[in-house]
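Please have the sequence and the structure open while I talk.

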Amino acid sequence: MSELVIETSGLRKEFRGRGGVRVAVHDLDLAVPAGGVHGFLGPNGSGKTTTIRMLLGLARATRGEMRLFGEPVPRRLPAVVDRIGAVVESPKFSPNLSARRNLLLLSRSIGVPDSHVDDAVETVGLSGREKDRFKSYSLGMKQRLAIAATLLKKPDLLILDEPTNGLDPAGIREIRETIRTLADAGVTVLLSSHILAEVQQVCTSATIIGQGRLLASGTVDDLLGTGTAYRIAAADPAAAAHSLVSAGVSVTPEATGSLRVETDDPESITRRLAEAGIWLTELTPLRPDLETFFLELTAASSLDGPDTSTTGYVTTPQETVR
Ligand SMILES: Nc1ncnc2c1ncn2[C@@H]1O[C@H](COP(=O)(O)OP(=O)(O)O)[C@@H](O)[C@H]1O
Ligand SMILES: [Mg+2]
């Protein structure tokens, strides 16, 4: 069994408001293995930030247990805090100082050598721009500088809460490359996001939550499985569809003119079509993406009816919370 870097058991957070008690995190069991990029995924309001804040000692859990590197937190947080970097809220940098100057001030305040600044700048891909003033930075560069700041103490675990929020596609790609570089260097990354399809490209494993509850967890391959559908294209799609349907295969035409074929045996498709004198120009395995997987998960759970176990909220008799 591989070492778990983050572990929670029965983690719960209730917020008390005028309308009653709102359960933001619902008895959550998290297990993040060492190494790789772990996606912490769920729509807005599903409890990602609240969970991360509890892990980092920024919010108190209502109940449940948490461990980081095997140490119970928040009690033993001081013992592990130097191994953890986190970007949860936008850190404050001085706008008129250069990025490098900002990082140097930070590195001296936490007592790490200046050389860590250059390493961090390099890892996040800001080399050559580190002498520019912070205020001249694009949003994506600012976000990478925030990651650089957490790298100064060379953490083993990096927690990034929606680091690509508000970034354009180029900025998103740069963050993704930074995350890959870090993972390749052996840092375990917990990456939260509400955009499931986007993080799928960088995650090795993922936990999906909805309304504070665990919906699914595992390696991306385990979660999505191997494809049982293929996209095929042929010069005469109607003839191809006819041939397959008459063999009892389920075929759905796509807008592009290609066909979606449900099968776990692509050989039988190519053989059947070849026998009919139809030659394929495309055969592509179709794998569901995390976005589709999530929508299917939540659609299934909403069939159970709107009680507290699916809404995630405890309601008072007089008033419904949200
Ligand atoms: N300080 C707070 N007081 C009351 N409710 C809160 C507070 N922080 C978060 N919540 C609620 O908890 C739920 C989860 O929020 P959050 O953890 O921010 O979700 P996410 O990060 O997944 O978007 C939401 O319904 C949110 O409104
Ligand atoms: Mg959040």
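This is a predicted model: local features need pLDDT of at least 70, side-chain atom pairs count only at pLDDT 80 or more; totals for chains, interfaces and linings use all residues.

**From a loop residue to the ligand site**

Let me begin with Lys154, which is found in the loop between helix H5 and strand E7, the latter covering residues 157–161; helices here are DSSP runs of H or I with at least four residues, strands are runs of E with at least two, and both are numbered from the N terminus. Residues are numbered from 1 along each chain as its sequence is written, chains are lettered from A and ligands numbered from 1 in the order in which they are written, and side-chain values use heavy atoms, with hydrogens and water left out.

Lys154 counts as partly exposed because its relative accessibility is 43%; buried means under 20% relative accessible area, exposed over 50%, and partly exposed in between, with a 1.4 Å probe and protein chains only. Leaving aside neighbours within four places in sequence, Lys154 is in contact with His116 and Asp119, where contact means heavy atoms within 4.5 Å.

That brings us to helix H4, residues 115–123, in which His116, Val117, Ala120 and Val121 are buried. Seen down the axis of H4, these buried residues fall within an arc of 135 degrees, so they line one face of the helix; the arc is that of the directions from the helix axis to the C-beta atoms. What do the buried residues of H4 pack against? They pack against helix H3, residues 99–110, and helix H5, residues 139–151. After H4 comes Gly125, whose phi is positive, near 75 degrees.

Now to the rings. Rings of Phe, Tyr and Trp, the last by its six-membered ring, pair if their centres lie within 6.5 Å, and planes under 30 degrees apart count as stacked, over 60 as edge-to-face and the rest as tilted. By this rule there are two aromatic pairs. Phe93 and Phe134 form a tilted pair, 5.1 Å centre to centre with 45 degrees between the planes, and this pair links distant parts of the chain, since Phe93 is in the loop between strand E6 (84–87) and H3 while Phe134 is in the loop between H4 and H5, 41 residues apart. Phe134 and Tyr137 form a tilted pair as well, at 6.4 Å and 40 degrees, and Phe93, Phe134 and Tyr137 form one aromatic cluster. The charged end of Lys142 sits over the ring of Phe134, 5.3 Å from its centre, a description that requires NZ of Lys or CZ of Arg within 6 Å of the ring centre and within 35 degrees of the ring normal.

Last, the ligand. Ligand 1 is surrounded by 12 residues, the closest being Gly45, Gly47, Lys48, Thr49 and Thr50, where a residue counts if one of its heavy atoms lies within 4 Å. An oxygen atom of ligand 1 is 2.6 Å from a polar backbone atom of Gly45, and an oxygen atom of ligand 1 is 2.8 Å from an N or O atom in the side chain of Lys48. Lys48 is also one of the residues touched by Ser193, when residues up to four places away in sequence are not counted.

Methods:
A polar contact is a pair of N or O atoms within 3.5 Å; within protein, one must be able to donate a hydrogen and the other to accept it, and residues adjacent in sequence count only if both atoms are side-chain atoms.
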